[in-house]
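Welcome! Take a moment to look over the model below, and then we will walk through a few of its features together.

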Amino acid sequence: MGVRSRVSALFKRPEEFDLTSGGIGKPLFFLSMPIVITNLFQTAYNLADTFWLGQYSTDALAAISFAFPMVFLLISLGMGISVAGSVLVAQFTGAGEERDAEYAASQTVTFAVIVSFVLGIAGYLGVDTFLSLMGASADVLPMATSYMEVISLGLLFMFGFFVFVALMRGYGDTITPMLVMFGSVVLNIIIDPFLIFGWTVVENAPLVGTISFPELGIEGAAIATVFSRALALVVGLAIMFRGNRGVQIHLRDMAPDLSYLRRLVRIGLPASIEGTGRALSMNLLLVIVAMFPDTVVAAYGIGTRVFSVVFLPAIAVARGVETMTGQNMGADKPNRAAKAAGLAATVLFGVLTLAGVLVWFTAAPIADLFTTDAEVVDITTQFLRYVALSFGFIGIMRAYTGSFRGAGRTLTAAAISVVMLGVIRFPIAWFAAAPMGESGIWLSFAVSNVAGALIAYGWYRRGTWQDSNLTEAKVDIDEAGMEISADGD
């Protein structure tokens, strides 16, 4: 078997496997593997900006560090629309209601445009206030502001691409978004240095002379990000309008339907709360960490970055479970959805536990990759070892919260995350930090990871999520794309 054949065997189009019948392991794998790679591309995307700005200046690197939390917050506030659209498309696809899936996707795109425009304007107007509250210094604030002003004005393109990924995933196609993301990342990496540092070409021919492009600094990084995402969105929209890969959208279905907006809000608002809660909880933990010396702050930053890489498979599989649950709920097969969630939880627990054991034994070398400060290495090693053996429990929680979202129980998924982060992790870190020092913060991660898994599993076992079937309240559409009735809203 050649290399191309081996690679092709890892990826299959939605029509090559059935999410609602047959085996569970293979379709879940084929759904999740492209999401893992897409997430790795996203990581590369962020690392490219970080690398080039690190070459530009330390202040620019600090500025983007302050800007990222604001970007994450803006995306989190609007992410409910994409989650709702993905869930609806999945359930209608599973029920064989192709026309309703198309209408759901079209309406999601419409309201995503509106929401991203509003959030972008709000972000542009409030950037100074937000960054000042975050504690940006006088040297860093102007750069961070310039970066976020460009990002805010281009939020439509960044958020629009996330919506494209979500809608395609709901249909069961995770390969196409992966390929589009790859092109976007390559473009961003190529144009980043030219826009940040500028460039000059000297031509001896008398009619040409010197051609140059100004140095834009951190604004150049923002422009590169927005431009590459804008191009990716254009490609994504073209794919969805053509409809030959994944769900199709239609202009006739894109007139704002307020009754459908209520449905999107009802499903998506809890997901936005969940994402926003995660962003705020990390910022609140930073308040506690900032009470300690800079070595502890550096160790915290290294540790959380390591976790973000380790947990990529859990996030990807959770998205796959979300789609499988959605389609099987639409096909009126909740038992199959439960089996998918159980399999995902078992596999993730095993894989992440093994990863945790590996991290526990190699914590010091891992920390040494990020810093030459011996004290920071020691503290980071302690952090990683406190949390490493609880990695498997994150896999369990992610699998079941993904299934809750796929079933339309986004409020339940949000409640579990809020309890885990706000009711368990933050209070433990706050009260344990005084007697135990930074070890109290590390302990809060381990305890909350285990507790989150137990809560998610116990809640899922109640089975109340099986009563949720969004297709029973579907909107009937006539051939011209006009709404006839909207039951159940």
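## Before we start

Helices here are DSSP runs of H or I with at least four residues, numbered from the N terminus. This is a predicted model, in which local features need pLDDT of at least 70 and side-chain atom pairs count only at pLDDT 80 or more, while totals for chains, interfaces and linings use all residues. Residues are numbered from 1 along each chain as its sequence is written, and side-chain values use heavy atoms, leaving out hydrogens and water.

## A nonpolar patch

Which helix gives the most to the nonpolar patch? That is helix α4 (residues 98–133), with six residues. On the surface, the patch is formed by Ile114, Phe117, Val118, Ile121, Tyr124, Leu125 and Leu153, and together they have about 700 Å² of accessible area.

Ile114 has its place in helix α4. With a relative accessible area of 40%, Ile114 is partly exposed (buried means under 20%, exposed over 50%, and partly exposed in between, using a 1.4 Å probe and protein chains only).

## Two helices that cross

Two packed helices are described by the angle between their axes and the distance between the axes. The axes of α4 and helix α6 (residues 155–171) cross at roughly 155 degrees and come within 9 Å. The two helices, α4 and α6, are therefore roughly antiparallel to each other (a term for angles over 145 degrees).

## A buried methionine

Now look at helix α15 (residues 391–406), where Met397 lies. Is Met397 buried or exposed? Met397 counts as buried, at 1% relative accessibility. From C-alpha to C-alpha, Met397 and Ala413 are 9.4 Å apart in space, and 16 residues apart in sequence.

Notes:
Patch = residues over 30% accessible without salt bridge, like charges linked within 9 Å, V, L, I, M, F, W, Y side chains within 5 Å. Areas by Shrake-Rupley, 256 points an atom, 1.4 Å probe, with all protein chains shown as cover. Salt bridge = Lys/Arg side-chain N within 4 Å of Asp/Glu carboxyl O. Axes fitted to C-alpha atoms, helices over the stretch in contact; angles between N-to-C directions. Parallel < 35°, antiparallel > 145°, perpendicular 65-115°, else oblique.
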